[in-house]
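Here is a quick walk through one chain and how it is put together. Have the viewer open while you read.

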Amino acid sequence: MDNSFFTYLEQLELMAFFSGYPLLYAVIIAIGKNKQEKRSFKNRLVSLLPLSYAMVGTLFLGLQLKKLYPDYTIENINHSMQQPWLITWGLLSLLFWIPALGKKPVLSLIHSLVFFFFLLRDLFLQSFQSSHDKNVVRNDMKIYSDSLLLNGGVFILIVLFSYLFSRQKNR
């Protein structure tokens, strides 16, 4: 059987985890960037963006490990991955747990734009090619909205834990 279907499913998985982040980033930057107030809650939101992105990457790693269970051999990993470079790129989001990378939220945006490109590509193809399947864009929009919910939910959890941790630390 041709692997293009499985490649497409793998691409949808990656989009489900990472493609909604650029919109979340834009909203938080619009809300939070204020140069006058260095210690404001809104500026703290911006600094939590890479942690949120790293948590989404951790969830993606969990999905990949679940898919590979119980055989974690190199042979099985090579056999089950259709797009190893994209999966590796997605797993690089785990590097945003490192504080040095976490201090630069724009790097997480640049990282996620690779996956956002797939959505833009399909929208472009739908607009300018009559032979392009309409179901592809419908699937992309469903996946994109799920990605927005996932990224937004994870961001809210990170903000809550950060708030609780800072309150506990101040006691």
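## The big picture

First things first: this is a predicted model. The protein chain has eight helices and zero strands, so if you read the elements from the N terminus on, you get α-α-α-α-α-α-α-α. Taken along the principal axes, the C-alpha atoms fill a box of roughly 60 × 45 × 20 Å.

Of the 171 residues in the chain, 37% count as buried. The accessible surface comes to about 10,900 Å², and 68% of that belongs to carbon and sulfur atoms. As for contacts, take the ones between residues at least 6 apart in sequence: 77% of them join residues at least 24 apart.

## The nonpolar core

In soluble globular proteins, nonpolar side chains tend to be buried together. Here the largest nonpolar core has 32 residues. Which of them touch the most other members? They are Leu14, Phe18, Ile28, Leu49, Phe115 and Phe155.

The elements that each supply two or more residues to this core are α1 (4-18), α2 (21-32), α3 (41-68), α5 (84-91), α7 (105-128) and α8 (134-170).

## How α3 meets α5

Two packed helices are described by the angle between their axes and the distance between the axes. For α3 and α5, the angle is about 135° and the axes are 9 Å apart. Angles over 145 degrees would count as roughly antiparallel and 65 to 115 as roughly perpendicular, so α3 is oblique to α5.

Which residues make the contact? From α3 there are Phe60, Leu61 and Gln64, and from α5 there are Ile87, Gly90 and Leu91. Sorted by class, the contact of α3 with α5 has four nonpolar, two polar and no charged residues.

Gln83 sits in the loop between α4 (74-80) and α5. Is Gln83 buried or exposed? Its relative accessibility is 15%, and because the cut-off for buried is under 20%, Gln83 counts as buried. Leaving aside neighbours within four places in sequence, Gln83 is in contact with Thr7, Glu10, Gln11 and Leu14. Leu14 is also one of the core residues that touch the most other members.

Ser162 belongs to helix α8 and, at 11% relative accessibility, counts as buried too. Beyond its neighbours within four places in sequence, Ser162 is in contact with Arg44 and Leu48. The C-alpha atoms of Ser162 and Leu45 are separated by 9.7 Å, although these two residues are 117 apart along the chain.

Then there is Asn76, in helix α4. With a relative accessible area of 19%, Asn76 is buried, since the cut-off is under 20%. With neighbours within four places in sequence left out, Asn76 is in contact with Leu68 and Asp71.

## A cis peptide bond

Most residues other than glycine have a negative phi, and most peptide bonds are trans. What kind of peptide bond joins Tyr69 and Pro70? That one is cis, with omega about 5°. You will find Pro70 in the loop between α3 and α4.

## Two partly exposed residues

Phe5 is part of helix α1. Its relative accessible area is 44%, which means that Phe5 is partly exposed. Phe5 and Ser130 are 125 residues apart along the chain, and their C-alpha atoms are separated by 21 Å.

Ala26, in helix α2, is partly exposed as well, with a relative accessible area of 40%.

Definitions and conventions
Residues are numbered from 1 along each chain as its sequence is written. This is a predicted model: local features need pLDDT of at least 70, side-chain atom pairs count only at pLDDT 80 or more; totals for chains, interfaces and linings use all residues. Side-chain values use heavy atoms; hydrogens and water are left out. A nonpolar core is a set of buried Ala, Val, Leu, Ile, Met, Phe, Trp, Tyr and Cys residues joined through side-chain atoms within 4.5 Å. Buried means under 20% relative accessible area, exposed over 50%, partly exposed in between (1.4 Å probe, protein chains only). Helices (H or I, at least four residues) and strands (E, at least two) are DSSP runs, numbered from the N terminus. Contact means heavy atoms within 4.5 Å. Axes are lines fitted to C-alpha atoms, for helices over the stretch in contact, and angles run from 0 to 180 degrees between N-to-C directions. Angles under 35 degrees count as roughly parallel, over 145 as roughly antiparallel, 65 to 115 as roughly perpendicular and the rest as oblique. Ala, Val, Leu, Ile, Met, Phe, Trp, Tyr, Cys and Pro count as nonpolar, Asp, Glu, Lys and Arg as charged, and the others, Gly among them, as polar. Accessible areas come from the Shrake-Rupley method with a 1.4 Å probe; for residues, only the protein chains shown count as cover.
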